[in-house]
Amino acid sequence: MAFHKIDLKQWPLVFIDISPGSPTDEEFTAYLDDLIKLLGTGGKRAMVVDCTKSSNLSRQHRRAQAAYLKDYSELIEEKIVGMAMIIQSPVIRTILSAIIWIEPMSCPYKVFSTRKEGEAWCRELLALAKE
């Protein structure tokens, strides 16, 4: 099973589902590569990242995630109107806080307990971006 799944069926609303378990180095690299490719596509978008099934990330993967946020901050700011993180686990919330402490997000983001709440927030941001 892959570490992640990206669903573009409701573009410009993008859904990313993170699978259970800790990713291998190859899986995490593929995840970051897919995020980079996604930034290369045209237009503004909002993202719902569902981490409800995810496990702990290694220190190496947390650093790689922070490096991605830093290296692509201008594109993230330009292309992503908002990112909803769906996180129920206190451990995963702490990991997210650590990553963002290392490298702050360059787009609006918010943590939600349910996918429905995160999706609604992203749809609001997309509507505002069209105005």
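How are helices α1 and α2 oriented to each other? I looked this up in the model, which is predicted. The axes of α1 (residues 25-39) and α2 (residues 59-71) come within 11 Å and cross at roughly 10°. I therefore record the two helices as roughly parallel to each other. On the α1 side I noted Asp25, Phe28, Tyr31, Leu32, Leu35, Ile36 and Leu39 in the contact, and on the α2 side Gln60, His61, Ala64, Gln65 and Tyr68.

Entry on salt bridges. My search of the whole structure returned 4. Asp17 pairs with Arg115, with the closest N and O atoms 2.5 Å apart. This pair joins strand β2 (residues 13-18) to helix α5 (residues 115-130), and its members are 98 residues apart. Arg115 also meets Asp50 at 3.2 Å, N to O. Asp50 belongs to strand β3 and is 65 residues from Arg115.

Entry on Arg45. I found this residue in strand β3 (residues 45-50). Arg45 is buried yet has no salt bridge, and Glu78, the nearest side chain of opposite charge, is 7.9 Å away. The Arg45 side chain does reach the backbone oxygen of Gly42, at 3.3 Å. Beyond its neighbours within four places in sequence, I listed contacts of Arg45 including Trp11, Leu38, Ile80 and Leu126.

Technical notes. Residues numbered from 1 in each chain as written. Predicted model: local features only at pLDDT ≥ 70, side-chain atom pairs only at ≥ 80, totals over all residues. Heavy atoms only, no water. Helix = DSSP H or I, 4+ residues; strand = E, 2+ residues; numbered from the N terminus. Buried < 20%, exposed > 50% of the residue type's maximum accessible area, 1.4 Å probe, protein only. Lys, Arg positive; Asp, Glu negative; His and termini not counted. Polar contact = N/O pair within 3.5 Å; in protein donor to acceptor, adjacent residues only side chain to side chain. Contact = heavy atoms within 4.5 Å. Axes fitted to C-alpha atoms, helices over the stretch in contact; angles between N-to-C directions. Parallel < 35°, antiparallel > 145°, perpendicular 65-115°, else oblique.
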